[in-house]
Amino acid sequence: MNYSPANPLRPHFFVVSRFKQLLVIFIVSKTLSKDLSKGLYVISAYMTSSRRSFIKISGALAALAALPKSVKALYQDVKNFFVPPKQTIPLTININKTPYRVTADTRTTLLDLLREELQLTGTKKGCDHGQCGACTVHINGERVLSCLTLSAQAAGKEVTTIEGLANGDKLHPMQQAFIECDGFQCGYCTPGQIMSAVACVKEGHTKSVAEIKEFMSGNLCRCGAYNGIVESIQKVAAV
Amino acid sequence: MRPFSFTKTENAAKAVAAKKELTQFVAGGTNLVDLMKKHIAQPEALIDVTGSLSDKIETTANGIRIGAMVRNTLLTTDNQILSKYPLVAKAVLAGASPQIRNMASTGVTCCNAPAALIFMI
């Protein structure tokens, strides 16, 4: 081996132990992900080494090439264990007489599908746990809570939201009654109240104030507009 | 909520056959979806049994037969229940809200695990 410093292809930097040489190449190729720069370092290393170190370096590089794949697979396994990948499902749902075809995450509730995917934000998210009734919609004509309905379970059914009540510019009688009887203050619970009220009248539970209150008990109003809401329902029921 | 696969089955036998560990049956969803949102229930797969079970109330020789998928509301409006077992209708009306009663199934109402305080601690 000639390590003469006069040889321009063997600069002094590389006249170190083979171990250090390998270490430098290892660190450099690990640090620099770009192929071009990696290639340049590899070439310079080859040019300054013996046949033995050429084999060593080749072996080390081959090991390096194999490493990222297994590391990546391990990373994916660990990731899938802690963060399971989402699963999607294709759905067709009729909302306000319009068929919608969506591919939704299986976890999507009908409420989130309406608000986040279809931009039908009239339906409100209150507690998201089925206690406040702000998310009430009709499925096949019956009032249900969209926050506890998986959109996959609503597939193929007829959904009516607050957006589907009015006939063009003409408000639904219940919407009109809520305006006339001051059935709301802040208005956040109102879409749910109106959907519930429409169903309440349809079910015929409007014989007394007590009955209306009992059958509207699934809709909470923090403003306390209950008297106006009961009045609105009585007004529509009387028609 | 933990991601899960979602399938529907046509009958009870197929639903039972498809049941594995970490699989849950879902009917109305009023309990399970709530528990899943709170990370109390974390199933890997859901099987929708709403189409697999009976949703009819029938009078039999010994009394009355209520299908597991009879929604709570039907229990409060069905004439057979109202004439023979009015207390059942009264009991159902005393619980939950009309919206929940429209969703919840009788089968699960009888054997559910509501989100008790112990889960929240």
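Okay, housekeeping before we look around. Residues count from 1 along each chain as its sequence is written, while chains are lettered from A and ligands numbered from 1 in the order in which they are written. Since the model is predicted, local features need pLDDT of at least 70 and side-chain atom pairs pLDDT 80 or more, while totals for chains, interfaces and linings use all residues, and side-chain values use heavy atoms, with hydrogens and water left out.

Let's start with charges. Side chains of opposite charge can pair when their charged atoms come close. For us, a salt bridge is a side-chain nitrogen of Lys or Arg within 4 Å of a carboxyl oxygen of Asp or Glu. How many salt bridges turn up over all chains? The search of the whole structure gives 11.

Take A:R107 and A:D105: their closest N and O atoms sit 2.8 Å apart. Are these two buried or exposed, or partly exposed? Here buried means under 20% relative accessible area, exposed means over 50%, and partly exposed is in between, with a 1.4 Å probe and protein chains only. A:D105 has 15%, so that one is buried, whereas A:R107 has 25% and counts as partly exposed.

Next, A:D112 and A:K125 meet in a salt bridge, at 3.1 Å from N to O. A:D112 is in helix 4 (residues 110-117) of chain A and A:K125 is in the loop between helix 4 and strand 3 (136-139) of chain A, so this pair ties together parts 13 residues apart in sequence. By the way, helices and strands are DSSP runs numbered from the N terminus: H or I with at least four residues for helices, E with at least two for strands. A:K125 is partly exposed, at 30%.

Then there's A:E180 with A:K235, at 2.5 Å between the closest N and O atoms. Why does this pair tie together parts that are 55 residues apart in sequence? Because A:E180 lies in helix 5 (residues 173-180) of chain A and A:K235 in helix 8 (residues 226-238) of chain A. Both are partly exposed, A:E180 at 46% and A:K235 at 39%. Going back to A:D112 and A:K125, salt bridges with shared partners join them, A:D128 and B:K37 into one network.

Now strands. Two strands pair if DSSP finds at least two bridges between them. Strand 3 of chain A pairs antiparallel with strand 4 (residues 142-145) of chain A over 4 bridges, and with strand 5 (residues 158-160) of chain A, also antiparallel, over 2 bridges. Look at A:I139: its bridge partner in strand 4 is A:E142, and A:I139 also stands opposite A:V159 in strand 5. Strands 3 and 4 of chain A make a hairpin with 2 residues between them, and A:N140 in the turn has a positive phi of about 50 degrees.

In a regular strand the side chains alternate between the two faces of the sheet. In strand 3 of chain A, both faces are covered, with A:T136 and A:H138 buried on one side and A:V137 and A:I139 buried on the other.

Over in chain B, there's an open sheet of 3 strands in the order 1-3-2, with parallel pairing. Its edge strands are strand 1 (5-8) and strand 2 (23-26), each pairing on one side only.
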